[in-house]
Amino acid sequence: MNIVLRSFYLIYQLCIAAPLLLALTLLTAVVTIVGSTVGNAHFWGYYPGRIWSRWCCYLFLLPVRVSCPVEVERNTSYVFVANHQGAFDIFLIYGFLGRNFKWMMKKSLRKMPFIGAACQAAGHIFVDKSGPSKVKETIAHARKVLRGGTSLVVFPEGSRTFTGHMGFFRKGAFQLADELQLSVVPITINGSFNVFPRTAKFVRWHPLELIIHRPVYPRGKGSENLSYLMKTSYKEIEKSLPEEYHGEVENPDQ
């Protein structure tokens, strides 16, 4: 974008896109809370969020490209793991993954006005690391979720990148996949770091890409399988990133 287009885009997002996004977010949160409370949380916890996420990308005029292999079946439970480039990762996965799933997210997100309550009502999983008993409760909740074709989505880095590179992967999601003998599906997110990295104040126009890789099937059970799932998933995600973002760079808040 040249400087004139960037100026128009900034005015557009401040005067039109951002206010509409705020209104849409509040509406989606209320619909999710009410629908999940009085109706089917499996439905209301997913579809309003999916529509909201798609409209967030449309409002900011961001083109989205999605690729998904036929091996990823719609009615099968998976543990999806993705790199975490920026805030638009949420919209990209929620809106375009095409699978009913639950997020595994930081406990601190529960405190966000409206959004935290909506996530709670929808049955998303808040990771509580305050003690061994709380960790066990989190895993037990995840076991219940991963049934009947419902999947789990996790950012195994735990936080957004500062550089565009991936940090190290935490074991939690992979331990769950090993215990339940589920396949892990790596997801590469491209473009989100260019659109709205964690250090940005305004959205920048850039295409978004969601690359869903072939499932990584378990090989046995235990530490060797855990290591295999983690290393294979990391390599699959990294190989589809631009060359400039190859190589692990640890985030300060990991």
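Is tryptophan 205 buried, partly exposed or exposed? I looked it up: tryptophan 205 counts as partly exposed because its relative accessibility is 35%. The bands I used are buried for under 20% relative accessible area, exposed for over 50%, and partly exposed in between (1.4 Å probe, protein chains only).

**Ground rules.** I note that this is a predicted model, in which local features need pLDDT of at least 70 and side-chain atom pairs count only at pLDDT 80 or more, while totals for chains, interfaces and linings use all residues. Residues are numbered from 1 along each chain as its sequence is written, and side-chain values use heavy atoms, with hydrogens and water left out.

**Tryptophan 205.** I found tryptophan 205 in the loop between helix H8 (192–195) and E7. Helices (H or I, at least four residues) and strands (E, at least two) are DSSP runs, numbered from the N terminus. I then checked leucine 5, which is 200 residues away from tryptophan 205 along the chain; their C-alpha atoms are separated by 9.9 Å.

- Arginine 6 is in H1 and is partly exposed, with a relative accessible area of 46%. From arginine 6 to proline 113 I read 31 Å, C-alpha to C-alpha, for 107 residues in sequence.
- Leucine 26 is also placed in H1 and counts as partly exposed because its relative accessibility is 33%.
- Threonine 28 lies in H1 and counts as buried, at 11% relative accessibility. Leaving out residues up to four places away in sequence, threonine 28 touches Pro48, Gly49 and Trp52; contact means heavy atoms within 4.5 Å.

**Surface patch.** Leu22, Leu26, Val30, Val34, Val38 and Phe114 make a nonpolar surface patch of about 560 Å². Patch residues have over 30% relative accessible area and no salt bridge; like charges are joined within 9 Å, and nonpolar side chains (Val, Leu, Ile, Met, Phe, Trp, Tyr) within 5 Å. A salt bridge is a side-chain nitrogen of Lys or Arg within 4 Å of a carboxyl oxygen of Asp or Glu. Accessible areas come from the Shrake-Rupley method with a 1.4 Å probe, and for residues only the protein chains shown count as cover.

**Strand E5.** Which way do its residues point? In E5 (residues 151–154), Ser151 and Val153 point one way and Leu152 and Val154 the other, and all are buried. In a regular strand the side chains alternate between the two faces of the sheet. E5 pairs in the parallel sense, over three bridges, with E2 (residues 79–82), and likewise over three bridges with E3 (residues 101–106). Pairing requires that DSSP finds at least two bridges between two strands. I looked up the partners of valine 153: phenylalanine 80 and tryptophan 103.

**Cores.** A nonpolar core is a set of buried Ala, Val, Leu, Ile, Met, Phe, Trp, Tyr and Cys residues joined through side-chain atoms within 4.5 Å. The largest has 37 residues, and Phe60, Phe80, Phe88 and Ile93 have the most contacts inside it. H4 gives the most to this core, with six residues. A second, separate core has 26 residues, including Ala142, Met166, Phe169 and Leu226.

**Helix H4.** Why is H4 largely enclosed by the rest of the structure? Eight of its nine residues are buried, so H4 is largely enclosed. Among the buried ones are Phe88, Asp89 and Ile93. Leaving aside neighbours within four places in sequence, isoleucine 93 contacts Ala82, Phe101, Trp103, Val153, Phe155, Ile189 and Leu210. After H4 I noted glycine 98, with a positive phi near 80°.
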